[in-house]
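Reader: I have some terms to ask about. Please show me the sequence and structure they apply to.

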Amino acid sequence: MSDSGKPLYVEIAEAIKRDIESGVLSAGDRLPPQRSVAKDIGLDFTTISRGYSEAVKQGYIETFVGRGSFVRARENTAEKADPRRALEEDPKMNMPPEPDDPDLVARMEEGLKHVAANLVPLLRYQSVIGSAQDREVAAGWMRANGINVSADRLAITPGAHASLLSILTLLCKPGATVLCESVTYPGVRAIASQLGLELIGVISDDSGILPDALEAAIRQHEPSAVYLNPTLQNPTTLTLPKSRREEIAAVLSKHATPLVEDDACRFVSSDAPQPISHLIPDLGWYIAGLSKCLGAGLRLALTVVPAGLAKNHFTRALHASNVMASPVTTALMSRWIEDGTATVIQSFVRKEAARRQALAVETLRDQDFRASAEAFNIWLTLPEGSSQADVMGHMANRQIGIMPSNAFTVSGPPSETVRVCLGGPISFSQLGEDLEALNYAITQQDWVS
């Protein structure tokens with residue numbers, strides 16, 4: 001046994017593990033009786049018994065009453081994928097491309113071993129905003145991605161929706177007004193409806209929401225907050241340039257209007273400017289999502305609370321609706337960040353999104369749409385004579401996800417535009433087939449006659 005200073009029973013368990021890993025012990029080998037080991041190495045029986053029990057707990061061996069202890073055949077305990085799990089998806093959601101590289105998937109699975117080794121404490125109730133350890137790790141990830149933030153202003157929440165619900169609950173009374181882009185993320189529309197808030201859209205140009213129009217809307221409606229989705233906006237794929245962000249920040253600062261900045265795709269974009277919230281730290285609530293980068297199933301978002309505002313107000317609101325983010329998925333997030341897996345996933349998502357965007361550009365080259373190289377969707381304007389209903393009806397049995405513009409439109413009549421999702425579980429080859437079918441549905445309108 002090594003002289004590591006660990007308790008002797010732990011040393012015994014680790015000695016068993018080393019012999020298994022080095023091949024001295026093989027699966028199915030019977031270990032010597034505990035009393036025999038105690039006599040041979042000069043330790044009391046209780047210590048040896050605890051050592052064997054620790055090895056059982058760690059999964060190295062298994063013990064049978066009347067038969068003894070045996071090296072566990074670990075290769076026989078590997079879980080196989082449950083095909084029923086693959087059926088659980090929501091095709092309406094704008095999802096990132098899914099990893100299909102066996103080495104990357106295996107690396108992701110390695111992170112679950114860390115979670116499994118700490119499973120019992122991870123099943124307890126923990127901090128509403130995430131443990132200090134996880135918040136430090138998350139803050140480091142944000143800094144590595146160009147967002148300078150300290151862990152004391154950071155909260156780990158169970159997804160951006162949880163953050164949005166809690167923030168708008170704090171900022172707005174029922175009946176209050178919230179300004180946003182005239183075409184915006186459907187999730188905030190649902191939350192505003194639930195809270196009894198009025199969403200009012202502000203017109204935009206090719207650089208985003210217009211500062212003059214925003215100021216006029218603030219003067220007219222006296223909103224409780226402004227909601228913006230500034231990076232790879234869902235659904236238009238627009239990223240606000242630095243100059244426009246500065247102009248918006250100046251308007252909000254002038255009128256002391258709080259900003260709710262939903263930066264869902266921040267970790268997907270490789271060149272997004274600094275968040276608007278950084279320019280107005282006393283007014284800006286900042287939400288950096290992980291769903292678009294690491295996986296929606298984690299249900300995690302990183303929320304930065306405005307400077308000078310007591311974080312306990314947000315904590316209470318978050319606790320009332322969500323209690324806490326899952327410590328299990330938070331631990332997996334931290335492990336992936338610490339061992340570099342998160343960066344590898346991020347790189348894959350960016351490259352695969354760009355590959356799929358290139359496919360869309362080539363296949364739909366004669367169509368009118370907005371796109372960005374790292375976005376997961378395109379915003380497709382249908383030609384005259386073609387309608388959302390007709391195109392979506394023609395594509396109903398296809399795997400590609402299509403959403404009509406009325407799901408996103410806050411102000412004015414919906415345009416004949418659809419969001420076409422390029423990510424999710426659809427394979428690259430199937431995406432190509434579906435895009436060809438979409439192109440046909442748009443150009444060959446005689447199919448409906």
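Author: What follows sets terms for helices and strands against their definitions.

Author: The model is predicted, so to speak of it: local features need pLDDT of at least 70, side-chain atom pairs count only at pLDDT 80 or more, and totals for chains, interfaces and linings use all residues. Residues are numbered from 1 along each chain as its sequence is written, and side-chain values use heavy atoms, with hydrogens and water left out.

Reader: Why are α6 and α12 called oblique to each other?

Author: Helix α6 (residues 132-144) and helix α12 (residues 327-338) pack at an angle of about 45 degrees. Angles under 35 degrees count as roughly parallel, over 145 as roughly antiparallel, 65 to 115 as roughly perpendicular and the rest as oblique. The angle of about 45 degrees falls in the rest, and therefore α6 and α12 are oblique. Such angles run from 0 to 180 degrees between N-to-C directions, and axes are lines fitted to C-alpha atoms, for helices over the stretch in contact.

Reader: Which residues of α6 meet α12?

Author: Asp134, Val137, Ala138 and Trp141 in α6 meet Thr330, Met333, Ser334, Ile337 and Glu338 in α12. Contact means heavy atoms within 4.5 Å. By class, this contact has five nonpolar, two polar and two charged residues. Ala, Val, Leu, Ile, Met, Phe, Trp, Tyr, Cys and Pro count as nonpolar, Asp, Glu, Lys and Arg as charged, and the others, Gly among them, as polar.

Reader: What makes β12 and β14 edge strands?

Author: The open sheet has four strands in the order β12-β13-β15-β14, with antiparallel pairing. β12 (368-370) and β14 (402-404) each have a single partner strand, so one side of each is left without a neighbour in the sheet.

Reader: Which strands does helix α15 lie across?

Author: Helix α15 (residues 428-443) lies across β13, β14 and β15. Helices (H or I, at least four residues) and strands (E, at least two) are DSSP runs, numbered from the N terminus.

Note on methods. Pairing = 2+ DSSP bridges.
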